[in-house]
Every structure is written in C-alpha cells, then in structure tokens.
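Have the model open beside you as you read.

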Amino acid sequence: MAKDYDRERVYQAEKGISSLDWDSLAELRAVLNQTWNHALGQMGNPPMVRTRRFATISTYRKLTNTVSLSPTDKTMLTLAHELSHAIVHNETKHMYDRENVEGHGARFRETYVIVTHVLVGPDAAIQLGTNFAGIPAAVGS
Ligand SMILES: [Zn+2]
C-alpha cells in the first residue's frame, strides 16, 4: 500500500474546528441511523459504532465495518472523520485499483467535508474545506 502522505495534513486541517461533543452512544447511533441513508446517501446499514476503553485514538476497521471512538475525544468532528473512512471504503471496496482511494487522499477529504456538513454543520464544513484547499494533490492522485 502507498504511504498515507496526507494523513498529517488532514490532522493539521482539523485543528481549531469546533464541534459539539456527543453524550451517549445511543444518541450517536440514532443520529447515524437518521442520516446514513438519507443525508449521507449510503446503501445498507451504517457501521457499528463503539467506544474503546483506554484508546487514545479513534479508528475505523474495514474488516468488521466498525468505528471505534476514543473516550477522550467525543467530538462530532472525530465521528465525521472515521465515518468518512467507512463511506469511502464502502463506496470503493469493489474497485481493483485501490491505490488512490485509501488513507486520507482527495476522495477521503471530499467525503469528509460532506459528512462534516451533515453531522457538525455548515460552518465547520466550510472551514474544513478551506483548510483542505491548502493541501496539494499527492503524487499519483
Ligand atoms: Zn483517518
């Protein structure tokens, strides 16, 4: 797999963007069930969402289609980030050449702005998109 050159730049772009914290997993799952098919235009069921005790970072696992959230970061922006990985994976899992759809490349960033608009709000989405505009296209993408 190609190195994920855009990862650090995505993390930088997220800094300073404010979003609300979620209160409970039940609330989060309800939001996801309401938005997955309609606002996010996805087929099938949303990924499983859980918290991982003691985890300091949040992750998306393709094999189990699970978003694992760190209990130390309960922002909706983090949910939007991990959900965007799930969406890109679901939309591209049958593609033969996955080189340019893995990691934090252009397709991920475009998806992330849309998901942020739905889950966090237009101000955060505009800010994120503006921050991403400063990221040049990676070689080969
Ligand atoms: Zn990520």
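This is a predicted model: local features need pLDDT of at least 70, side-chain atom pairs count only at pLDDT 80 or more; totals for chains, interfaces and linings use all residues.

Residues are numbered from 1 along each chain as its sequence is written.

Helix 4 covers residues 106-119, and its end C-alpha atoms sit 20 Å apart, which agrees with the 20 Å that 14 residues should span at 1.5 Å a residue. Helices here are DSSP runs (H or I, at least four residues), numbered from the N terminus. After helix 4 comes G121, with a positive phi near 135°.

Which residues of helix 4 are buried? They are F108, R109, Y112, V113, V115, T116, V118 and L119; buried means 20 or more other C-beta atoms within 10 Å of a residue's own, with C-beta atoms placed from the backbone. They pack against helix 1 (7-14), helix 2 (25-35), helix 3 (76-92) and helix 5 (122-132).

| Pair | Axes come within | Crossing angle |
|---|---|---|
| helix 4 and helix 5 | 7 Å | roughly 160° |
| helix 3 and helix 4 | 8 Å | roughly 130° |

Helix 4 is therefore roughly antiparallel to helix 5, whereas helix 3 and helix 4 are oblique to each other. Angles over 145 degrees count as roughly antiparallel, under 35 as roughly parallel, 65 to 115 as roughly perpendicular, and the rest as oblique.

On the helix 5 side, R109, Y112, V113, T116 and H117 of helix 4 meet P122, A124, A125, L128, G129 and F132; contact means C-beta atoms, placed from the backbone, within 7 Å.

Definitions and conventions. Helices (H or I, at least four residues) and strands (E, at least two) are DSSP runs, numbered from the N terminus. The expected span of a helix is 1.5 Å times one less than its number of residues. A residue is buried if 20 or more other C-beta atoms lie within 10 Å of its own, exposed if 12 or fewer, and partly exposed in between; C-beta atoms are placed from the backbone. Two residues are in contact if their C-beta atoms, placed from the backbone, lie within 7 Å. Axes are lines fitted to C-alpha atoms, for helices over the stretch in contact, and angles run from 0 to 180 degrees between N-to-C directions.
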